[in-house]
Amino acid sequence: MKRFVTSFAAAGLTLAAGYGAASADEIKIGVLYPTSGGGAIYGGPAMQGHDLAVEEINAAGGANGVKVVTVARDSKLNPAAAAAAAKELITKEGVNVLIGGLASSVGLAISEVARQEKVIYIATIPKSIKITREKLHPYVFRTASNTDFEGDALAQMVKRVDGKKICDVQLDYAYGHDLADGFIKALPSHAPDAEVVLTLRPKLGATDFNAYVTQIMGSGCDTVVSGLWGNHFVNLAKQGAPFGLFNQVTYISGGEIASHEIAGKMGADYPDNVVSNTYELWYHSPTEAHKKFQARLAKKAGTEETAMWPMLAYNGVMFYRAAVEKAGGTDAEKVIEALRGLTIETPVGPLTINAEDHQANTGQFWGPMKKQAGRKYRMMDPVTYIPPPGE
Amino acid sequence: MVMPRGTAIVVVLVLAGLLLVPVLGSNYLVDLSTEILIYMLFALSLNVLIGYSGNVSFGHAAYFAIGGYTCAILLTTYEWPLLLAFPAAVLLSGLAAAFVGYFCVKLTDIYFAMLTLAFAMFVWAVAFKWRDMTGGDDGFVGVTVPALIDGRVPYFYFTLVVVSISIALLWVICHSAFGRTLVAVRENRTRAGFVGVNTRAMRHVAFVVAGTFAGIAGALLAMYNHGMYVESAFWTESAQVLIMTLLGGMYSFFGPAMGAALLYLLNVFTIQYTEYWPTVQGVILLIILLFVPEGVVGLGQKIRQQLAKAD
Amino acid sequence: MSMLTNPTIVFLQFMNSISLGMNLFIIAAGLTLIFGVLRVINFAHGVFFMFGAYVCYSVVSRMAETAGAFWLGVLAAGAALAVIAFIIERGLLHYLYDKEHLMQLLFTFAIVLIMGDLAKMIWGTDQYSVPKPEGLKGAVDFSFGADLAMPLLYPAYPLMLCVLGPVVAIGMWLVLSKTRWGRVIRAATQDREMLAALGMNVPLVYTAVFVAGSALAGIGGALAAPRVAVSPGMDVTIIVECFIIVIIGGLGSLWGSFLGALILGFVNSFGIMIFPNWELVLSYVLMLLVLLWRPWGLFGQPEADGH
């Protein structure tokens, strides 16, 4: 045992030497998305967008003339693991900035590390309102939407479909509760005569929704307002459709279930009467910049029908590039000043980070999902851009 | 009670090496050492149950999480001083273990394991649902750490001191008459019963000891991360610490500590080099299982025997 | 709560309980079989389930509109998992039988890690949708012409599961109680040393049971595929549910698992109406209560004193 321990200790000591911080001739971005287990559905495409942004920046001569490199870590959808990885990225790899995150808890955990280590963190996907409210600090920024914006948009959709009796169905975890809060807050101003008749909170990761479908149909509501994302929606839809759920109600949902990765993969199983949102649609180019972005992404992904997540990751990197160029370097305090109030052109139009709460004014596309001639899947039609409230 | 001289020398050397880490090592090495020390204590605490009393817990993360959340909440929400919050957290972990243990020690083997799992998932669910108190699945972020130890190097030394004292206490407990009786209980429950040992009470005490020290580890992690998260109470965390213990070798006192260090380093390094880190870990686990079944400590002993023969 | 007094809803929730329970039973049956004979707690059962769903998707997507494609997918899933299980058992697990039980647990955990990655390499990280088979896409009308406030439709696919579950249970029971192989397997759950003493080929029994149990996990995955998204991570939820069922029912007991699965089905349907905010913890509380009341499970045998 002695020999073993000494060799072990020796191996440990070699770790002590030789970890330099980032050199002046490159900018290191530490990126954290989940790439294993269930989170890989989102982390994989997000990494594509991230890599695309870095390739474009370097092809154009780098950020502020300096080459950008990426150091990626699996955030494992686990806040403690993500925090450890974020620390390692800072102390061992010497990254200049942290970008990424998916779940609210992971976003908050990385944000806490950023606060302690005084390194900038740009949250590209987490929507938790806490990140830019209760837990706001100088080093954290968000380029994703947030649950108050999304809840407000849900209420606008209720008004649009003239919903009266609402079933409020959200997942029983932070995002679900936050989104429900945002929706309930906004409902009276948009649809004063609508009332919530049933509140359901399925658990995160639930796979069987029959029992919920039965309750929704029994409550007699005409509109479901939800935020069941990804597989949760797929499971609810596949199980609820044969009951006739989507004949009885209009299903209004946040959680980006109008994105093509859901609609495309579900094909004919995607139900009727769904109104939902997405950050981006490969078939909808509001700007010339989107067409170009879409073409480059299609080439990278090997398919024209690309997912929504790459653009979120892409925008986060592009915000940082713009800030570094404005600040004339990577000094964190200067980059923070540059990020506050910064506007950049993105594939979906100009976005601005608010100087006060570090939140970008990221809106979303909303609309009903309709069958299209010659397509095996549904597409959003018509597409409406809903900007954040107050825009 | 006396530590063999060889082991004692190694312990002193390791301690001396650790004391020098902040002087010689990078910030990264200081962080890594702090994390490993915490998981070493966590794994050693579990081994009081597994290695000494022969009961496998699938829910050891519960006490880790109770210690962590209690310390975090008392320090931050109620602004208790560390000298009160930390012992209170440890005490609560011990009390929780005493309560759960009361029911669990009536069972054995897989049913014991499953009952520990059920209680642990209940703790997880409470942490998840009690959003006002624990922050729910957003986590309890922004723990107030006393200024004296709020810093990379001071916190490392604080951890080193707490973990060293804890391990020393565990060593004394496991090598006392109580520890030897536990081993007897593990080896033959029926016979230990015949000679007048109250096996159930013995196992209950082991359960409480294990839970208490897991609570210390949890409190240390909460302050280190300035946050506590529900994942720390989930069954995957219990599985992880179980693997650490088995990997190191459950029938030796220091084995689980080495297992913890090994698995933690494996986690940290494989994720740096490949997206397919689970495969790398799985393959390494398989190799250890098939060729080094006594755990890392067993491997060390084998090598030593081989070397002795060669001399 | 008023919904609990609505007979239509109560009837539908009753059906929901049974269909969910039967779906879970088909998956958990393999786990309890393997534990009963090999005494191995197979953590890899969930990942076998996931592979079954993926294999079924691959078959169905290649055969597109062909009638019977889905059922071929189910068979293919069972066969694929049988082959995988055979390789794992003969190639690796087999060498661990004389080691500590815990080592076998660690072994199955390693398999989870490796096979989870393998699925990612083969099928990527997308989620897939398996359409319901022809003839089971619609719903059956239970109102029988009566004029009801709420339609009394029950979807055909879960209805089929309500039938298939008991068929699988009775089939397994017949094999275990009426055939020579079944008697050998039952003997193995009681006393392994005796089996060897009687000159039985014990390793062969082990292999056969591991292969059969794993094939059931694969079939369970394929049968679940039309109801859920086929995607990475689907193994994690199911393994916990399977453990709960098997523990409630009593480890190694076929009818125990059957009952355990039904109870879990009822808890998930009616429990969430009575305790709407506590779905997260209902199944664990159930396991806790059963273990406190009957530590060896509903149909299990009390342990002999000592070991």
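Analyst: Of the 311 residues in chain B, 58% are buried. A residue is buried if 20 or more other C-beta atoms lie within 10 Å of its own, exposed if 12 or fewer, and partly exposed in between, with C-beta atoms placed from the backbone. This is a predicted model, in which local features need pLDDT of at least 70 and side-chain atom pairs count only at pLDDT 80 or more, while totals for chains, interfaces and linings use all residues. Residues are numbered from 1 along each chain as its sequence is written, and chains are lettered from A and ligands numbered from 1 in the order in which they are written.

User: What does the secondary structure of chain B come to, and why is chain B described as being as compact as a globular protein of its length?

Analyst: Helices (H or I, at least four residues) and strands (E, at least two) are DSSP runs, numbered from the N terminus. Chain B has 14 helices and two strands. For overall dimensions, the radius of gyration is taken over C-alpha atoms, and the globule rule is 2.2 Å times the number of residues to the power 0.38. The rule gives 19 Å for 311 residues, and the radius of gyration of chain B is 19 Å, close to that value, so chain B is as compact as a globular protein of that length. Its C-alpha trace spans about 55 × 50 × 40 Å along the principal axes.

User: How many of the contacts in chain B with a separation of 6 or more come from residues 24 or more positions apart?

Analyst: Two residues are in contact if their C-beta atoms, placed from the backbone, lie within 7 Å. Among contacts in chain B with a separation of 6 or more, 76% join residues 24 or more positions apart.

User: At what angle do helix H4 and helix H10 of chain B pack?

Analyst: Axes are lines fitted to C-alpha atoms, for helices over the stretch in contact, and angles run from 0 to 180 degrees between N-to-C directions. Helix H4 (residues 82-104) and helix H10 (residues 199-225) of chain B pack at about 145°, and their axes are 7 Å apart. A crossing is left-handed if the near helix is turned anticlockwise from the far one by less than a right angle, and right-handed if clockwise; H4(B) passes H10(B) in a right-handed crossing. Residues that meet there include B:Phe86, B:Ala89 and B:Tyr102 in H4(B), and B:His204, B:Phe207 and B:Ile216 in H10(B). By class, the contact of H4(B) with H10(B) has 14 nonpolar, eight polar and no charged residues. In this scheme Ala, Val, Leu, Ile, Met, Phe, Trp, Tyr, Cys and Pro count as nonpolar, Asp, Glu, Lys and Arg as charged, and the others, Gly among them, as polar.

User: Is B:Leu82 buried or partly exposed?

Analyst: B:Leu82, in helix H4 of chain B, is partly exposed, with 18 other C-beta atoms within 10 Å. Leaving aside neighbours within four places in sequence, B:Leu82 is in contact with B:Leu75 and B:Pro146.

User: How many residues of chain B are in contact with chain C, and which helix gives the most?

Analyst: The contact joins 32 residues of chain B to 31 residues of chain C. Two or more residues on the chain B side come from each of helix H5 (109-129), helix H9 (189-194), helix H11 (235-248) and helix H13 (277-291) of chain B. H5(B) gives the most, with eleven residues. The chain B side divides into 24 nonpolar, five polar and three charged residues.

User: How many residues of chain C are in contact with chain A?

Analyst: Here 38 residues of chain C are in contact with 32 residues of chain A. H1(C) gives the most to the chain C side, with five residues. That side has 20 nonpolar, 14 polar and four charged residues.

User: Into which domains is chain A divided?

Analyst: Domain bounds come from an automatic or database domain assignment. Chain A is divided into domain 1 (22-145 + 291-360) and domain 2 (148-278 + 365-386). Their C-alpha centres lie 29 Å apart. The contact takes ten residues from domain 1 of chain A and 13 residues from domain 2 of chain A.

User: Which backbone features of chain A deserve a look?

Analyst: Most residues other than glycine have a negative phi, and most peptide bonds are trans. A cis peptide bond joins A:Asp381 and A:Pro382, with omega about -5°. A:Pro382 lies in the loop between strand E14 (378-380) and strand E15 (384-386) of chain A. A:Leu77 has a positive phi of about 55° although it is not a glycine, and A:Leu77 is buried, with 22 other C-beta atoms within 10 Å.
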